[in-house]
Amino acid sequence: MRGFYEALSKPVFNGYDILIWILFIESALFAIFYLLHSRALIRLYAEVRGDSPVQIRSRRHSANILAGFVFLVGLTELVFLLTYNPIISGWFGHNVGGWFFSALALVFYFPGAFLFHYVNSLIYPGSVRGSFLLVPLVAFSLAAVVSPLGLFGEGMVDIFWRPHIFIATVSFGMNTLYALLTLWHLRRYKQQIQHYYGNLDAVDPLWLMVMTSGFALIWAMALVPPFMPVTGWPVLRHTVIHLPSLLEIFLLTGAVLFGLTQGMRIVGIALKLPAADVPEAEKEVPFSDALLAKLRELMEVEHWYRRPDLTVEQFAEAADQPLRVVSQAINRHFEKNFYEFVNHYRIEEIKQRLRSEDPACVSIQKIYEDAGFRSKSSFNTLFRKRMGMTPSQYRGQYGPKTGRKPATQE
């Protein structure tokens, strides 16, 4: 392992340099591909679903930001190559000067801001303006003047060696903070949609959270090398330096795939959420026993929970009540959000059918799909959380005993 890392670190287009070039080319191609393909999808959405001009503009805006983020990730790696490769950096240092590397470090300040504002463009459509670039520019300016002001003393030289390394390190810290703030907004969004949807499969930002967490890890790892001893722990040191580039290859692929599949849908869904005003109403509104009886009737008699794409808006229309009244009735009386409320009835029906129906005749998949679940993974996760066992285990323990082979297992 140590020999492998040493081979990667040889000067002049070693294995790591080639990896950086691959990453840069991939990011540039992905950015172009995403821009072109997303335009086609946006037009398709507009034709098929009758999108409003606001939705079209929001989708185009978020697509531009994601394409910019993807390209920036590769560009930062290319800039790192210019400062990391001894031949290239030596030529620029001799012919241009050290200020050139400090100027290049500006590129490192933008990926975190682009990721943060891409997510905001999805979950808060219309909230992102071009002014979001001011914060990175101000942060870069403050870091860049440290050396001219004479604040880059011996202690900082021992840690950062050159001013541009200090400037880049500040950017990685800022990007990490942006990523953490992005995760906070995503968790808030996920809580919000649970008040609106009975099924989260099409709108769950899980992959976006995974991608953001991955970049948060990459930027946090980039903070470490200046503080590591030059001698000792060579494997750990090279892992911290080289692993982020490998991770970025997978994360960039995932970012583009997410943008083409789920990102487009989230924009349209987020535009509906403010109108619902479900989770954080300023004042509580009254609801009657008759309303509670109506809600139970819709679920227990008319089985509205069996509709996979059920929303609280549709449910409120069926109850002939304002959305806020129905939502607060569910939150306060049943002590659940809408997602939990709907899936409580789904799980109860599934439990009853697993206990009563012959496993040789009725599969678990048929049962959970009839109850309103679209996704096997979502169903299994909720069932395990509620019952502490898998559906197959539950059926085996409480279901009818037959000598025939079950139709299917989960």
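A residue counts as exposed when its relative accessible area is over 50%, and as buried when that area is under 20%. Keep those two cut-offs in mind. Glu335 has a relative accessible area of 66%, so Glu335 is exposed. We will come back to that residue.

First, the overall picture. What you see above is a predicted model. The chain has 410 residues, and 49% of them are buried. It holds 19 helices and zero strands. Residues 24 or more positions apart account for 76% of them. The accessible surface comes to about 20100 Å². Carbon and sulfur atoms supply 63% of that surface.

Now find helix α6, residues 111-123. It has 13 residues. From first C-alpha to last it reaches 19 Å, close to the 18 Å expected at 1.5 Å a residue. How many of the residues of α6 are buried? The count is 13 of the 13, so α6 is largely enclosed by the rest of the structure.

Which helices does α6 meet? Let's take two of them, starting with α3.

Helix α3 covers residues 53-84. Its axis and that of α6 are 9 Å apart, at an angle of about 160°. The cut-off for roughly antiparallel is over 145 degrees, so α3 is roughly antiparallel to α6. The crossing is left-handed. Look at the residues in contact. On the α3 side they include Ile65, Leu66, Phe69 and Leu72. On the α6 side they include Phe114, Leu115, Tyr118 and Leu122.

Next, α9, residues 163-193. The axes of α6 and α9 come within 8 Å and cross at roughly 15°. Are these two helices roughly parallel or roughly antiparallel? Angles under 35 degrees count as roughly parallel, so α6 and α9 are roughly parallel to each other. This crossing is left-handed too. From α6, the residues in contact include Leu115, Phe116, Val119 and Ile123. From α9, they include Tyr178, Leu181, Leu186 and Tyr189. Notice Leu115. It is on the list of α6 residues that meet α3, and on the list of those that meet α9.

Val224 has a relative accessible area of 35%, so it is partly exposed. Val224 and Phe172 are 52 residues apart along the chain. Their C-alpha atoms are separated by 9.9 Å.

Where does Asp320 lie? It sits in the loop between α14 (312-319) and α15 (323-333). Asp320 is exposed, with a relative accessible area of 67%.

And here is Glu335 again. This residue lies in the loop between α15 and α16 (338-356). Its phi is near 55°, also positive, and Glu335 is not a glycine. At 66%, Glu335 is over the 50% cut-off, so it is exposed.

Note on methods:
Residues are numbered from 1 along each chain as its sequence is written. This is a predicted model: local features need pLDDT of at least 70, side-chain atom pairs count only at pLDDT 80 or more; totals for chains, interfaces and linings use all residues. Side-chain values use heavy atoms; hydrogens and water are left out. Helices (H or I, at least four residues) and strands (E, at least two) are DSSP runs, numbered from the N terminus. Buried means under 20% relative accessible area, exposed over 50%, partly exposed in between (1.4 Å probe, protein chains only). Contact means heavy atoms within 4.5 Å. Accessible areas come from the Shrake-Rupley method with a 1.4 Å probe; for residues, only the protein chains shown count as cover. The expected span of a helix is 1.5 Å times one less than its number of residues. Axes are lines fitted to C-alpha atoms, for helices over the stretch in contact, and angles run from 0 to 180 degrees between N-to-C directions. Angles under 35 degrees count as roughly parallel, over 145 as roughly antiparallel, 65 to 115 as roughly perpendicular and the rest as oblique. A crossing is left-handed if the near helix is turned anticlockwise from the far one by less than a right angle, and right-handed if clockwise.
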